[in-house]
Amino acid sequence: MSQDENAVDADARCAAPDTVEQAEQPILCDKKEQDQPAVNGPLADETTGANMSKRQRKKLLKLANWEEKKKAKRLKEKEKYKLKKVIAIEQGLPVRSGPSRKELKRRVIDYSQATIEIAVDLSFDCMMIDKDVAKCVKQLLRMYTLNRRAPRPVPLHFTGIVADGAVQRHLSRYDGYKHWDVKVSSSPLLDIFPRDRLVYLTSESDNVLERLATNDVYVIGGLVDHNQHKGHCLRLAQELGVRHARLPLTEHLVIKTRTILTINQVFEIMLHIHAGRDWQSTLLEVLPQRKGAVPKESLPSANP
């Protein structure tokens with residue numbers, strides 16, 4: 001056989017693969033190219049998969065399934081939110097809407113219409129386990145968001161924070177908390193406000209808060225203890241010699257469960273009342289449904 005015929009046979013062998021598997025693979029006639037391993041492509045994926053352990057493959061599969069479920073869950077939540085909004089509009093219920101996050105970041109809070117101030121007493125580090133401190137700080141974050149979105153915000157104070165304590169440690173996890181439009185202090189209440197301006201809010205008080213008095217500072221106890229230290233905030237108010245009061249829950253609603261509210265719920269109620277709303281509609285809106293609260297009939301208006 002001549003040299004030309006040998007060259008033709010070699011070309012034919014490169015051009016026509018012998019098996020189906022070879023046909024699916026890229027044809028490499030150059031010897032140098034054949035010696036170089038393929039970094040990307042199906043072959044690389046198959047090789048990687050072959051080298052992976054059963055545990056790794058299972059983990060990747062689980063991650064892929066989780067991503068798919070996550071997308072489906074978000075779509076479902078969006079549809080659910082849209083449906084709830086439509087139903088609320090049809091029933092004439094208030095629809096919560098407000099500025100975007102970008103708008104809020106640019107916004108400077110205007111306190112010119114504020115007639116009261118609200119302080120959260122955070123001097124209870126030693127009375128809470130770490131898990132409850134984390135819950136407390138999340139409620140503080142919720143308060144800050146509510147105040148920024150409020151049509152009539154109030155000056156907000158976080159007082160009595162123990163240096164290097166649990167509250168400060170959990171607050172530090174939120175980048176930029178020192179730049180919040182909140183006055184953060186380690187000083188106790190009486191070092192910041194005159195005694196005669198303070199009103200400590202506690203559910204154990206016999207005094208009912210019927211209207212908000214101009215220039216008063218309403219104190220919310222930053223204590224998340226699942227009612228383990230019942231009456232502590234009342235005793236503290238008495239020791240400090242400051243006024244105390246409770247929200248008029250039972251005066252406006254029939255509640256079958258405990259009347260203990262979270263820090264942010266108390267704050268949200270105070271914001272609405274400060275904005276001119278009445279007690280009954282505000283309480284019905286803010287209180288969670290699980291409390292089963294229903295309005296008392298034939299009540300006179302208590303709009304401050």
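R243 has a relative accessibility of 40% and therefore counts as partly exposed, since that class lies between the limits of under 20% for buried and over 50% for exposed. The model is a predicted one. R243 belongs to strand 6, which covers residues 243-245. Leaving aside residues up to four places away in sequence, R243 touches D196, R197, L198, V199, Y200 and D216. Its C-alpha atom is separated by 9.6 Å from that of Y218, a residue 25 places away along the chain.

Strand 4 and strand 6 run parallel and are joined by three bridges. On another pairing, strand 4 meets strand 5, residues 217-221, again in the parallel sense, over four bridges. L201 takes part in both pairings: its bridge partner in strand 5 is I220, and its bridge partner in strand 6 is A245.

Side chains in a regular strand alternate between the two faces of the sheet.

Strand 2 pairs with strand 1, residues 117-121, in the parallel sense over four bridges. I118 has L156 as its bridge partner in strand 2.

Next come the helices. Two packed helices are described by the angle between their axes and the distance between the axes. For helix 7 (residues 130-149) and helix 11 (residues 263-274), the axes come within 8 Å and cross at roughly 20°. Helix 7 is therefore roughly parallel to helix 11, the cut-off for that label being under 35 degrees. The contact involves C136, Q139, R142, M143, L146 and N147 from helix 7, and I263, N264, F267, E268 and L271 from helix 11. The crossing of helix 7 past helix 11 is right-handed.

Helix 5, residues 54-90, presents another case. At 1.5 Å a residue, its 37 residues should span 54 Å, and the end C-alpha atoms are 54 Å apart, so the two values agree. Is helix 5 largely buried or in the open? Of its 37 residues, the number buried is one, so helix 5 lies largely in the open.

Note on methods
Residues numbered from 1 in each chain as written. Predicted model: local features only at pLDDT ≥ 70, side-chain atom pairs only at ≥ 80, totals over all residues. Heavy atoms only, no water. Helix = DSSP H or I, 4+ residues; strand = E, 2+ residues; numbered from the N terminus. Expected span 1.5 Å × (residues − 1). Buried < 20%, exposed > 50% of the residue type's maximum accessible area, 1.4 Å probe, protein only. Pairing = 2+ DSSP bridges. Axes fitted to C-alpha atoms, helices over the stretch in contact; angles between N-to-C directions. Parallel < 35°, antiparallel > 145°, perpendicular 65-115°, else oblique. Left-handed = near helix turned anticlockwise from the far one by under 90°. Contact = heavy atoms within 4.5 Å.
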